[in-house]
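Dear colleague,

Please find the structure below, handed over for your study. The findings follow directly after it.

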Amino acid sequence: MWTIAIGALTCLAWFWLLFFRGRFWQTHLQLTAQPLSKKHQTFNWPSVCAIVPARNEADMIPQTLGALLNQSYQGHFSVILVDDQSHDETVQEAKKTAVLSKHPERLTIVSAPPLPEGWAGKVWAMQTGLLHVPVDTDFLWFTDADIFHPPHSLERLVDKACRESFDLVSIMVRLHFTGFWGSLMIPAFVYFFAKLYPFRWVSRDHHPKAAAAGGSILVRHSFIGTEDGLAPIAGALIDDCSLARLVQSRKGKLWLGLGNEVTSLRAYPGLGAVWKMVTRSAFVQLRYSLWLLLGTVLGMLLLYVCPVVLACTSLFRIVEKLISPATENFLHILGTQLLLSAALNVSAWVLMSISFIPILRWYRVQTWRAALLPLCGFFYTCMTIDSARRFWQQQADAWKGRPFQPMPNKPTRHP
């Protein structure tokens, strides 16, 4: 029976994913933002410059920039806020925040020139900030304007990089959500990201898998402080992973984990907000390939949808047979292929649900929602298809007032 074959295939697939895909579902790779113990504060702290691209972030700046300027870092630390053609009071709020902070001298505000052809907006803002970094800076810290960093975030990142000789250290911050759909889809977003880029593999020396999370990336200046700067990834719409691949291509050592106390203040209130976030870059991740899209859709349906549909169908038919007068006894049901089909597909459903529990616990969400992972898989599949549709129909979403261009042209070199 074909349902048995699919059930066996999905069970084997989930067994492989659980134990041979870098154990992506585990959450043990974490970086806290708690103060370091005195015995760990023994080396000379390197100089760090934070680069913060900001476009229409006036409502976020007072909290996030204030937290950055007040970092309790013992080494030399500066912050470059790049005003990326904002239409609101981002710059004014930044200046007010600096005056009210403990270290107003740390802040430099620069304006990004008009976006040149071939450059993605955020990468261009990062490049603008990079051009203003002092040449003797040891580390660069790329962080978004909506990320709130507790006072000891930076020293934890630097300590991780220096003590374990990493050239890029990045954390997946806690994304902010509200409502039922947010509490289900945001943990699923991190779950799928980790399945695509297992943190254990990224952090393993010489492993080809490279990734980073754009909310917080600490990288050695020497790896990108070259004449071209970020020009090699100028058109990257998924800038964080592109930056990680650039560093890895230059023999850099990467680390990626979860950031416990570092949070994003940008809320994702429901399914629509998550849908918009995913559709902007899902087809980009597939390199605009129709074949990769078809393979992804078929794989997602097989892994997440088929086990549930077949399990429910088989169980319904078993119940139907049990209450049927034509059924002689329960043992007759036990010997049927129907029961084997139900057992295999239910097992696949259980395995996928178990894999979802750790990230739900990390987000402090009720673990019973793990059983709804197939629903998440179905919606993310629809988002991926919609992302391709938008690309083919040339429907560009606006991102903070700037049209989102899915395929930038070849970048022009900045003098």
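**Helix 1 against helix 12**

Helix 1 and helix 12 are oblique to each other, in a model that is predicted rather than determined by experiment. Their axes come within 10 Å and cross at roughly 135 degrees. On the sequence, helix 1 covers residues 2-20 and helix 12 covers residues 290-322. The crossing of this pair is left-handed.

On the side of helix 1, the contact is made by Trp2, Thr3, Ile6, Leu9, Thr10, Ala13, Trp14 and Leu17. Helix 12 contributes Leu302, Leu303, Tyr304, Cys306, Pro307 and Leu310. Sorted by class, the residues of this contact are 12 nonpolar and 2 polar, with no charged residue.

**Helix 12 against helix 15**

Helix 12 also meets helix 15, which spans residues 373-392. The axes of helix 12 and helix 15 come within 8 Å, and the crossing angle is roughly 160 degrees. Because angles over 145 degrees count as roughly antiparallel, helix 12 is described as roughly antiparallel to helix 15. The crossing of helix 12 and helix 15 is left-handed.

From helix 12, the residues that take part are Leu290, Leu293, Val297, Met300, Tyr304, Val305 and Val308. They meet residues of helix 15 that include Leu373, Pro374, Phe378, Tyr380, Ile385 and Trp392. This contact has 14 nonpolar and 3 polar residues, and no charged ones. Please note Tyr304 of helix 12, which takes part in the contact with helix 1 and also in the contact with helix 15.

**Helix 2 against helix 3**

How far apart are the axes of helix 2 and helix 3? The distance is 9 Å, and the two helices pack at an angle of about 45 degrees. Helix 2 comprises residues 61-69, and helix 3 comprises residues 90-100. These two helices are therefore oblique to each other, and their crossing is right-handed.

Ile61, Pro62, Leu65, Gly66 and Leu69 of helix 2 face Thr90, Glu93, Ala94, Thr97 and Ala98 of helix 3 in this contact. By class, the contact of helix 2 with helix 3 has 6 nonpolar residues, 3 polar residues and 1 charged residue.

**Cavities**

How many cavities of 30 Å³ or more does a search of the whole structure find? The search finds 5. The second largest cavity holds about 70 Å³ of space. Its lining consists of Phe24, Trp25, Gln26, Thr27, Val190, Tyr191, Ala194, Phe199, Leu258 and Ile359. Helix 6, residues 179-196, supplies the largest share of that lining, with 3 residues. The lining of the second largest cavity has 8 nonpolar and 2 polar residues, and no charged residues.

Yours sincerely

Definitions and conventions: Residues numbered from 1 in each chain as written. Predicted model: local features only at pLDDT ≥ 70, side-chain atom pairs only at ≥ 80, totals over all residues. Heavy atoms only, no water. Axes fitted to C-alpha atoms, helices over the stretch in contact; angles between N-to-C directions. Helix = DSSP H or I, 4+ residues; strand = E, 2+ residues; numbered from the N terminus. Parallel < 35°, antiparallel > 145°, perpendicular 65-115°, else oblique. Left-handed = near helix turned anticlockwise from the far one by under 90°. Contact = heavy atoms within 4.5 Å. Nonpolar A, V, L, I, M, F, W, Y, C, P; charged D, E, K, R; others polar. 1 Å grid on protein atoms, 1.4 Å probe; cavity = no way out; pocket = protein on both sides within 12 Å on 5 of 7 lines; lining within 4 Å. Points joined across faces, edges and corners; volume = space filled by probe spheres on them.
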